[in-house]
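Trainee: I am new to this structure and would like to learn how to read it. Could you take me through it feature by feature, with the general idea before each case?

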Amino acid sequence: MAKAAKTSFVCSDCGETFARWVGQCTSCQTWNTVEEFRGVAPSQKKSTGKQGGYSGTTGISAKIDDVKSQEFKRIITGIGELDRVVGGGITVESVNVLSGDPGAGKTTLLSKVIGKISKQMPSLYVTAEESSSAFKDRFTSRLKVDYDNENLSLMSEYDVDAICAEAERLGVKFMVVDSVQALKGDEFTGVAGSVSQVKGCAQVLSRFAKQNNVTMVVVSHVNKNSEMAGPNILKHIVDATFHIEVNDSSIRTIRPTKNRFGDIDTVGLFQMTEQGMMSVDNPSKIFLSSMAEDVSGAAICCIRDGNRNLLLELQSLVTESEGEYPQRVCVGLNMNRLKMITAILRKHGRQRFNHDVYVNLVGGLKLPETDTSADLSMAASLVSSLQDKPLPKDMLWLGELSLSGEVRPVSGGVPRVQEAIKHGFTKIVVPEANYHKKMESAGVSIMRVKTINDAISLI
C-alpha cells in the first residue's frame, strides 16, 4: 500500500511549520498566513535522474585531502558596485536570489546585467510576470540596453519544467528568472507563490543550474516587512541572497544577506535614473553638498556601512522657537540620539537650545540607530548653526559622545581618516583614544579632543 502524502501547516510569510492550523504564526506574529501544505507522496514523485546538488556526485565518500580543490571563476558584469557587492563578479554556476520592494529596480538592474553578459556567453531572460513584448519595449526603448542579439534569448513562461527544458535546448550559460513567486510546477501542490511551489521550483532551478553549469539569478518578492518572501528554506537552497533597500531619495543600496563565495559585510550603492540603475562609484558626489561657500550648520562625518566607509554631510538649522514648545525634527537620523546630544550640549557645553532644531542627513541615506560615530559631527553642526559660525568644508568630525561629555573612540578610526584624506580633507577631529600614527599625512592636521568642550573650542 502506497504511503499517503504528509500534511503539515506552513506560514507563507516566514516558513515556520506547525503540526496543526493556528490563526497567528508564533514566529513572525502575523495573522491568517498559516496554510495547509501537503507533500508529494513517495509513489507520486518524479525521477529527476541525478540527485543532490552539483553534477558529478557519485554517492561515494573520499578523504578530504584526496578531494581536488576548485577555484571558482567569476563573471565580471562591468557594473562596478554590483561586482563589488557579489565579491568581485558573479560566481560561475552559482544560484543567486535578488529581492526588493516593488519599483526598487530589480528588473531594471538585471536587464543591464544580462545585456552585458550576453556579449560573453549565451544568456536567457525568463519573465514570468509580463509579456515578451512589454519586456522588450522597456529593454530597448526606455533602458536602451546594449546587448548581443545572437546570444540573448527572451522567454515569457511560468512552468518551471518548460523553462529548464528550453534553457537546456539553447545551451545557455547565464540565466535570469523573474520571479520565483510566479513559477509553478505540476508536481507541487498549491498555487504559484505558495510555500510548496516556491520551495519546489527553487529546488528544480538550483538542481538544473548545478547539473548544466548554468549561472542563475532569481528574482524574489518581499513581504510586508520588506524582507525576502517565501519559506526560509529558500535561503538555504541558493548560494547567495541580495536585497535592494530603497531610501527616501533615488539612492538604492544592495546588501548581501548570504554569500557562499564572498563577504556579506560589503554594500553596493546605486542611483535610480531615467536610464535605469546607475552604479555610484564615488558616493561623495551625492552625499556631500556642492555649495561653494562655507555655511553654518554643515559638518562632515564618516560612517561605516558594512565594510565600506562613506563620507556624509550633516546639516542643522537652529532657529528661535515661535511656539511654547521647541520643535525637534530629524531626517535620516535617530530622534532619540538628537535629543541626547542637545542635552549633552546644554549640560556640559553650556549651549542654550531653547530653539527649534532641524537636522538632516544629505543624500537620502538613513543612519542606523546603532551607529554612534556621527555624534560629534551632529554636535558640531548644531553649535555651528546656533552660533552662526560656518565650519570649514575640508574639516571632518569623528567621535561618539557619552552622557558625561566625553568624546569616546569609534571602531575603524584609521580607515575612516584615510578615506577622508583620500577625498581632500585636511582638518580631521578625532577622539584622543582613537589617535594613531597611521592617521598622519602630509598637509593634514589631526586634532585630538577628549571632551565636548574641546570640540566646541575648535568651532
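Mentor: Let us begin with terms: helices (H or I, at least four residues) and strands (E, at least two) are DSSP runs, numbered from the N terminus. Contact means heavy atoms within 4.5 Å, while axes are lines fitted to C-alpha atoms, for helices over the stretch in contact, with angles from 0 to 180 degrees between N-to-C directions. This is a predicted model, in which local features need pLDDT of at least 70 and side-chain atom pairs count only at pLDDT 80 or more, whereas totals for chains, interfaces and linings use all residues. Residues are numbered from 1 along each chain as its sequence is written, and side-chain values use heavy atoms, with hydrogens and water left out.

Trainee: Which strands does helix α5 lie across?

Mentor: Helix α5, residues 195-211, lies across β6 (95-100), β9 and β10, and runs at about 165° to β10. Helix α3, residues 132-142, lies across β7 (123-127) and β8, and its angle to β8 is about 135°.

Trainee: In what order do the 9 strands of the open sheet stand?

Mentor: Strands of a sheet pair through backbone hydrogen bonds, either parallel or antiparallel, and two strands are taken as paired if DSSP finds at least two bridges between them. Here the order is β8-β7-β9-β10-β6-β11-β12-β13-β14, with mixed pairing. Because β8 (152-155) and β14 (276-279) each have a single partner strand, they stand at the edges, and one side of each is left without a neighbour in the sheet. On average, neighbouring strands of this sheet are turned by 25° against each other, direction ignored.

Trainee: In what sense do β9 and β10 pair?

Mentor: Strand β9 (residues 174-178) and strand β10 (residues 215-220) pair in the parallel sense over 4 bridges, and V176 stands opposite V217 in β10.

Trainee: Is strand β22 mostly covered or mostly open?

Mentor: Buried means under 20% relative accessible area, exposed means over 50%, and partly exposed lies in between (1.4 Å probe, protein chains only). In strand β22 (residues 427-431), 4 of the 5 residues are buried, and the strand is mostly covered. β22 runs parallel to strand β19 (residues 395-397), to which 3 bridges join it, with M395 opposite K427. Another parallel pairing, over 5 bridges, links β22 with strand β23 (residues 445-449), where M447 stands opposite V429.

Trainee: Why does Y358 count as partly exposed?

Mentor: The relative accessibility of Y358 is 33%, so Y358 counts as partly exposed; its place is in strand β18 (residues 355-361). L317, V329, V331 and Y358 form a nonpolar patch on the surface, with about 310 Å² of accessible area together. A patch is made of residues with over 30% relative accessible area and no salt bridge, nonpolar side chains (Val, Leu, Ile, Met, Phe, Trp, Tyr) being joined within 5 Å and like charges within 9 Å. A salt bridge is a side-chain nitrogen of Lys or Arg within 4 Å of a carboxyl oxygen of Asp or Glu, and accessible areas come from the Shrake-Rupley method with a 1.4 Å probe, where for residues only the protein chains shown count as cover.

Trainee: How many helices and strands are there in the protein?

Mentor: The protein has 11 helices and 23 strands, and 49% of its 459 residues count as buried. Along its principal axes, the C-alpha trace spans about 85 × 55 × 50 Å.
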